[in-house]
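Here is a short briefing for a first look at this structure. Keep the view open while reading.

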Amino acid sequence: DFSTAYGVASGIVGLGDAGITITGGAISAGDANTLVGLTTGVVTATVAADTATQLNTDLTAATASDALSLSITAVSVNASDLIALSGKTSVAVDASLVTGVSGTAAELQALYTLGATEITGLGDEGVSITGTPSASEANAVAVLTTGTVTATLASGSAADLNAALTETALNAYTITVTGTSAAMGDLNALNAKTSVAINVDTVTG
């Protein structure tokens, strides 16, 4: 096997920078990681599908120069895990089974910026933005997927929030309007942009 051939006791020299190509089906991520550690050359292999978290845990030695075919099994993933996986292979990661992605606004924008050359199967999944993004940050994420975006937005005036949320799809934004007054037109427009009841407790007129 490769581990034996690359070992010092094998008596074979000059293999430390040779490329390795695995045929005959998928191998475990752990085995792929072992092979990557045996050579500075490119390792080409199909890795058994697993969660993004587990693949990241197992493929500690893999780099973007390796040609590992990776597929995600979990339907819900963290944006940071997908970004990390894309840096472990030159082959686009298959995320076609993913139906939900979570992360900060910055992580989510970075994920979608990678494009289909690095991750395939994204664009129609639900997205959960962690933290308290601004309305403009949430909007920048919402235009990247046709799925529902869930987020608790930083509070602001009805006019400012409405102006920032230009994406027209109905999302699940938790919105708190500040100030004592708000134009009814802005409130109605905001209400049409979220499935969650808007908090207008401070508005008196």
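This is a predicted model. It contains an open sheet of three strands, in the order 1-2-3, and the pairing is parallel.

- Strands of a sheet pair through backbone hydrogen bonds, either parallel or antiparallel.
- Strand 1 (20-21) and strand 3 (67-69) are the edge strands. Each of these pairs on one side only.
- Strand 1 and strand 2 (residues 43-46) run parallel, joined by two bridges.
- I20 has V43 of strand 2 as its bridge partner.

**Helix 2**
- Which residues are buried in helix 2 (residues 29-36)? They are A29, A32, N33, L35 and V36.
- Seen down the axis of helix 2, these buried residues fall within an arc of 160 degrees, so they line one face of the helix.
- An α-helix has 3.6 residues a turn, so residues three or four places apart point the same way.

**Helix 4 against helix 5**
- The axes of helix 4 (residues 79-86) and helix 5 (residues 105-114) come within 9 Å. They cross at roughly 40 degrees.
- The crossing of helix 4 past helix 5 is left-handed.
- On the helix 4 side, the contact is made by A79, S80, L82, I83 and S86. Helix 5 meets them with E107, L108, A110, L111 and L114.
- How do the residues of this contact divide into nonpolar, polar and charged? Seven are nonpolar, two are polar and one is charged.

Definitions and conventions: Residues are numbered from 1 along each chain as its sequence is written. This is a predicted model: local features need pLDDT of at least 70, side-chain atom pairs count only at pLDDT 80 or more; totals for chains, interfaces and linings use all residues. Side-chain values use heavy atoms; hydrogens and water are left out. Buried means under 20% relative accessible area, exposed over 50%, partly exposed in between (1.4 Å probe, protein chains only). Helices (H or I, at least four residues) and strands (E, at least two) are DSSP runs, numbered from the N terminus. The arc is that of the directions from the helix axis to the C-beta atoms. Axes are lines fitted to C-alpha atoms, for helices over the stretch in contact, and angles run from 0 to 180 degrees between N-to-C directions. A crossing is left-handed if the near helix is turned anticlockwise from the far one by less than a right angle, and right-handed if clockwise. Contact means heavy atoms within 4.5 Å. Ala, Val, Leu, Ile, Met, Phe, Trp, Tyr, Cys and Pro count as nonpolar, Asp, Glu, Lys and Arg as charged, and the others, Gly among them, as polar. Two strands pair if DSSP finds at least two bridges between them.
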